[in-house]
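Keep the viewer open and try each task before reading its solution.

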Amino acid sequence: MSEISTRDAAQGGANARDAARDTARESALSVAAISSERSESDDNVWTRRLVLFLRVMALLSILKGLYHWAQVTGFVGGEDEAFENQSMAWQAATVYFAVIELVAAVGLWLATPWGAVVWLTTVVSMAVIELMFPGIYGGSLVVVGVEVFMLAAYLALAWMAARERPP
């Protein structure tokens, strides 16, 4: 009889320990959930803004890439503006941007470092072509201004997001 009561007492003590452990685990998880929500909403504001900016730029890059592909395939423009009737420099630049804009869009949407690098390459390339080779796309200073503005916005957001994270 004493053997059964000893076993019951040991089992009751184990159940009490398990209940106490479960209660402690639940309170720790709820505290962790509260603190993670707070740190996510307060500490990563600039990082979230940077990711939002990258996603918007990804959508813009998709549109630009599809526009260039529409030029290559002939969906945009008339007979005299056909891809075959353009200069070799225009054709090369159009194919380049048709490919690289879509690659940049994928990387930007995923918020990867290589996506930002490819996107920066497209921004700088378009500005250089507009400024240095105005015969290709017409040398629009508005396009250069928009590209410089997007570059400055990215650099400012990346700098602010980097300041949020300690080294």
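**Getting oriented**

Buried residues (under 20% relative accessible area with a 1.4 Å probe, protein chains only; exposed is over 50%, partly exposed in between) make up 28% of the 167 residues of the protein. This is a predicted model, in which local features need pLDDT of at least 70, side-chain atom pairs count only at pLDDT 80 or more, and totals for chains, interfaces and linings use all residues. Residues are numbered from 1 along each chain as its sequence is written, and side-chain values use heavy atoms, with hydrogens and water left out.

**Exercise 1. Describe the secondary structure of the protein.**

Step 1: Count the elements, taking helices as DSSP runs of H or I with at least four residues and strands as runs of E with at least two, numbered from the N terminus.

Step 2: Read along the sequence, and the pattern is α-α-α-α-α-α.

**Exercise 2. Find what the buried residues of α6 pack against.**

Step 1: List the buried residues of α6, among them Val144, Met150, Tyr154 and Leu157.

Step 2: Look for their partners, and you will find α2 (45–73) and α4 (113–132).

**Exercise 3. Is Ser125 buried or exposed?**

Step 1: Locate Ser125 in helix α4.

Step 2: Its relative accessibility is 17%, so Ser125 counts as buried.

Step 3: Search for contacts (heavy atoms within 4.5 Å), leaving aside neighbours within four places in sequence; Ser125 touches Tyr96 and Phe97.

Step 4: Widen the view to the whole helix: the cover of the buried residues of α4 includes α2, α3 (88–109), α5 (134–137) and α6.

**Exercise 4. Compare the UniProt "transmembrane region" feature with the model.**

Step 1: The unreviewed UniProt entry places this feature at residues 50–70, 90–110, 117–136 and 142–162. Such annotations may be inferred rather than shown by experiment, and feature names are shortened.

Step 2: Residues 90–110 are 95% helix and 0% strand, with end C-alpha atoms 30 Å apart.

Step 3: Residues 117–136 are 95% helix and 0% strand, and their end C-alpha atoms lie 24 Å apart.
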